[in-house]
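Subject: Structure handover

Hi,

Here is the structure I promised you.

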Amino acid sequence: MEQVLTVRGLRKTFTLHTVDGRQVVSLRGVDLDVAAGEHVAVAGPSGAGKSSLLRCTQRSYVPDAGSVVLRTEHGPIDLAGLPDRDLARLRGRNLGYVSQFLATPPRTGPAEVVAAAARRRGLDREPARDAAAEALRGVGLDEGLWDVDCGVLSGGERQRVNLAAGTVRPPQLLLLDEPVSALDPANRELALQLIGSLRDRGVAVLAVFHDLDAIRRLATRVVELADGHIVRSGSADEVLGVAA
Ligand SMILES: Nc1ncnc2c1ncn2[C@@H]1O[C@H](COP(=O)(O)OP(=O)(O)OP(=O)(O)O)[C@@H](O)[C@H]1O
């Protein structure tokens, strides 16, 4: 299978300036490969470094050492040392990130947010609007809310807008950090189906889910992080145990 992401020797340490410059090591040399269509779940205890791995991959955290190579249509690009201008373009087109939280400009509605994501991924204005409508339907967001300021939406509604923006005209690699944590059962089901359908479209996914059922349903491979290291990698049964 064609590799999409190759992470080597990734390290991240935070310095807590408010606590006498104390150092917190979050990633201690992580190696990871993700292929097209592969859905890799990152498991492990609280504080193991799961979100840090996603954020260093998305480069919202700057790694201290190591490489994060994304294979793009223009060849391999190391995100770890990429200038911000190139990074912004790559984030728009090749790399999606869906967190628990939705950050939008003020007075912007879901249809506009999702259409803007589609435009960054290369669609013209009109097709982007159509793709946004399809994506918002896909996450079950009531049409009456499409032009309402995202700031007034509920947590679950925002999370669905976020997911629609992350998956519209899907990028090569999608990073998901707890993407269904605020959803009720029916909407969670829709969201899991949507994420699962990305496999057939060759989209690589690197995801953190706290819920084991989501991991079992979606992950083609699970990597377990502990204290900033990958300590196991395999199927969900191998890593989480058959009884989990
Ligand atoms: N912005 C930050 N500033 C300081 N320390 C941080 C920061 N982000 C993460 N850390 C520290 O790095 C370590 C790993 O955190 P991280 O959020 O990656 O863990 P996690 O496995 O995602 O945990 P959880 O499952 O609880 O979300 C923790 O000790 C955390 O306190």
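One caution before the details. This is a predicted model. Residues are numbered from 1 along each chain, as its sequence is written.

**The four-stranded sheet**

Start with the open sheet of 4 strands. Its order is S2-S1-S4-S5, and the pairing is antiparallel. S2 and S5 are the edge strands, and each of them pairs on one side only. Neighbouring strands here are turned by 20 degrees against each other on average, direction ignored.

Now the pairs inside it. Strand S1 covers residues 3-16 and strand S4 covers residues 65-72; 5 bridges hold this antiparallel pair. Look for Thr6, whose bridge partner in S4 is Val69. S4 also pairs with strand S5 (residues 75-78), again antiparallel, over 4 bridges. Val69 turns up here as well: it stands opposite Asp78 in S5. Further along, Arg71 stands opposite Pro76 in S5. Thr72 faces Gly75 of S5 in the same way, standing opposite it. S4 and S5 form a hairpin, with 2 residues between them.

As a reminder for reading the pairs, strands of a sheet pair through backbone hydrogen bonds, either parallel or antiparallel.

Helix H1 belongs in this picture too. H1 lies across S1, S2 and S4, and runs at about 70 degrees to S2.

**The ligand**

Which residues are around the ligand? They are Phe14, Val24, Ser26, Gly44, Ser46, Gly47, Ala48, Gly49, Lys50, Ser51 and Ser52. Strand S2 (22-35) and helix H1 (50-58) each supply at least two residues of this shell. H1 gives the most, with 3 residues. By type, the shell divides into 3 nonpolar, 7 polar and 1 charged.

**The six-stranded sheet**

The other open sheet has 6 strands. Their order is S6-S7-S8-S3-S9-S10, and the pairing is mixed. Strand S6 (95-98) and strand S10 (229-234) stand at the edges. Each has a single partner strand, so one side of each is left without a neighbour in the sheet. The twist averages 20 degrees from one strand to the next.

At the S10 end, look at its pairing with strand S9 (residues 221-226). S9 and S10 are antiparallel and share 5 bridges. Val223 stands opposite Ser233 in S10. At the S6 end, helix H5 (residues 155-167) packs on the sheet. H5 touches S6 and strand S7 (173-177), and its direction makes about 170 degrees with that of S6.

**Helix H3 and its two partners**

Finally, the helix packing. H3 has contacts with both H4 and H5.

Take H4 first. Helix H3 (residues 110-120) and helix H4 (residues 125-138) pack at an angle of about 120 degrees, with their axes 8 Å apart. That angle makes H3 oblique to H4. Their crossing is right-handed. From H3, the contact uses Pro110, Ala111, Val114, Ala115, Ala118 and Arg119. From H4, it uses Arg125, Ala128, Arg129, Ala131, Ala132, Ala135 and Leu136. These residues divide into 10 nonpolar, no polar and 3 charged.

Now H5. The axes of H3 and H5 come within 8 Å and cross at roughly 25 degrees. H3 and H5 are therefore roughly parallel to each other. H3 passes H5 in a right-handed crossing. The H3 side of the contact is Pro110, Val113, Val114 and Ala117, and the H5 side is Val161, Ala164 and Ala165. What types of residue make up this contact? The count is 7 nonpolar, no polar and no charged.

Two residues deserve a second look on your screen.

Best wishes

Note on methods. Predicted model: local features only at pLDDT ≥ 70, side-chain atom pairs only at ≥ 80, totals over all residues. Axes fitted to C-alpha atoms, helices over the stretch in contact; angles between N-to-C directions. Parallel < 35°, antiparallel > 145°, perpendicular 65-115°, else oblique. Left-handed = near helix turned anticlockwise from the far one by under 90°. Contact = placed C-beta atoms within 7 Å. Nonpolar A, V, L, I, M, F, W, Y, C, P; charged D, E, K, R; others polar. Pairing = 2+ DSSP bridges. Near = placed C-beta within 6 Å.
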